[in-house]
Amino acid sequence: MLQVRSKSTSPASPEEGNSTAPVPAIADPVQPPNSSGLPTVSQSLFISETFSSRQGEGKLTGQESFFIRTSGCNLRCWFCDTPYASWQPTGQRQSIESLVQDAQAVFADKPASHRHVVLTGGEPLLGAAIEPLCHLFHQAGFHVTLETAGTIQRELPCDLLSLSPKLASSAPDAKQHPRWHQLHEQRRMPLNTMRYLIETAKDHQLKFVVSDRSQFDEIQSLVEQLEVHPSNVFIMPQGVSIDDLDAALPWLQPWTEQVGYHYCDRMQIRWYGNRRGT
Ligand SMILES: C[S@@+](CC[C@H](N)C(=O)[O-])C[C@H]1O[C@@H](n2cnc3c(N)ncnc32)[C@H](O)[C@@H]1O
Ligand SMILES: Nc1nc2[nH]cc(C(=O)O)c2c(=O)[nH]1
Ligand code: SF4
Ligand SMILES: [Mg+2]
C-alpha cells in the first residue's frame, strides 16, 4: 500500500519551481524506515491553490468540481492567466493523501456521481506525484479532469484529458525572455507525447487559446496530426475579462462553428470575473 507523508512545507523541487532545467522525473526523498520496516516514500506536490467552483471551460462546463492547482510550469506563455503558478510559482507542498481528503470533504454529502476533481496548474504533469494522486482519486471513485499543455508523458488514470497545446504565438517575447522563449519553443509540441496522453485517457478534448485569425491554419493542421474529431475541439478566446470575451465573439465564433468545432466562452470569467480561487 502507498505510504504518504503528511502535509509538508518543504520547498518545490527545481523542476516544479522557477528553474530552466529540463524536466526529468522528480526523485521523491525516501524517509527512514517506519514501524513496518518499510521506507515511507514522500508523495507530495507543490500546490498553488485548491478551491470548489464550476467547470468553466470545455465539454463539462457547469460541472461542480474541486480544483487542485499545482505550482510551477515548464512553459511560460505570454498570456498565462495564472502567473502565480507559472512565471512566479508560489504555494506550499501538500501530500497527495491530504489532497484526496480535502476533495472528499467537499463532496461528503453528495452521491458518488458528483465527485469531480480538476487537476490544473501551472503544469500538473510536472511533479511525479501526479501519477499516484490520480490513482488515489480513481480508487476513491472520483472523475478526474486533467488540464494540461501535454508536454510531459505520465502513466495515470484520467477520465477527461483536457489538452491545451500551445501554439507558436504563445511563446514569451524573445527579447525580454530569451531563455524562456527558447525553452517554450523546444518544449511546447511533442506530438507523440500528446498522442500517448490522448490514447491512454478515457475521454479527451483539445482546447486552443486564440488571439488572431493567423492561428487558424496551425490549429487545423494540429487537429489533423493528433487525429482528434472536430467535436472534441474547443476554441477559447485569449482573454481574462468579459470585454475580451465580447470582443472575440464576432470574429471567432463564426469560424469555429463553420469548421465544426465548439466555441468555448470561458464561463468562469462571466460568472465570477477573473478572480483567484474561482
Ligand atoms: C493556466 S492553464 C493550466 C494548465 C496547463 N498549463 C495548460 O496550459 O493547459 C489552464 C487553461 O487556461 C488556459 N489559459 C491560460 N491563460 C489564458 C488566457 N489568457 N486566455 C485564455 N485561456 C488561457 C490554458 O490554455 C489552459 O487551457
Ligand atoms: N471555473 C474554472 N474552470 C476552469 N477550467 C479550467 C481551469 C483552469 O485554470 O485550468 C479553470 C478555472 O481556473 N476555473
Ligand atoms: S502552459 Fe499553462 S500554466 Fe504554463 S504558462 Fe502556459 S497557460 Fe500558463
Ligand atoms: Mg483557469
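The largest share of the lining of the largest pocket, 3 residues, is contributed by β3, strands being DSSP runs of E with at least two residues and helices runs of H or I with at least four, both numbered from the N terminus. This is a predicted model, in which local features need pLDDT of at least 70 and side-chain atom pairs count only at pLDDT 80 or more, while totals for chains, interfaces and linings use all residues. Residues are numbered from 1 along each chain as its sequence is written, chains are lettered from A and ligands numbered from 1 in the order in which they are written, and side-chain values use heavy atoms, with hydrogens and water left out.

**The largest pocket**

- A pocket here is an open set of points on a 1 Å grid over the protein atoms alone, where a 1.4 Å probe fits and protein lies on both sides within 12 Å along at least five of seven lines; lining residues have an atom within 4 Å of a point.
- The largest pocket holds about 820 Å³ of space, a volume being the space filled by probe spheres set on grid points joined across faces, edges and corners.
- Its lining comprises 45 residues, and Arg69, Asp81, Thr82, Thr120 and Arg266 lie nearest the centre.
- At least two lining residues come from each of β3 (44-54), β4 (64-70), β7, β9, β10 and α7 (267-272).
- By class, the lining has 15 nonpolar, 17 polar and 13 charged residues, where Ala, Val, Leu, Ile, Met, Phe, Trp, Tyr, Cys and Pro count as nonpolar, Asp, Glu, Lys and Arg as charged, and the others, Gly among them, as polar.

**Ligand 1**

- Ligand 1 sits in the largest pocket, in the sense that more than half of its atoms lie within 2 Å of the grid points.
- Of the 20 residues around ligand 1 (a heavy atom within 4 Å), Phe79, Gly122, Ser164, Lys166 and Gln238 come nearest, and the shell divides into 6 nonpolar, 8 polar and 6 charged residues.
- β7 (143-148), β9 (203-210) and β10 (233-237) each supply at least two residues of this shell.
- Among the polar contacts (N or O atom pairs within 3.5 Å), a polar side-chain atom of Ser164 lies 2.8 Å from an oxygen atom of ligand 1, and an N or O atom in the side chain of Lys166 lies 2.9 Å from an oxygen atom of ligand 1.
- A polar backbone atom of Thr148 is 3.4 Å from an oxygen atom of ligand 1.

**Ligand 3**

- The space taken by ligand 3 is also the largest pocket.
- Around ligand 3 are Cys73, Leu75, Arg76, Cys77, Cys80, Ser86, Gly122 and Lys166, a shell of 4 nonpolar, 2 polar and 2 charged residues.

Technical notes. Polar contact = N/O pair within 3.5 Å; in protein donor to acceptor, adjacent residues only side chain to side chain.
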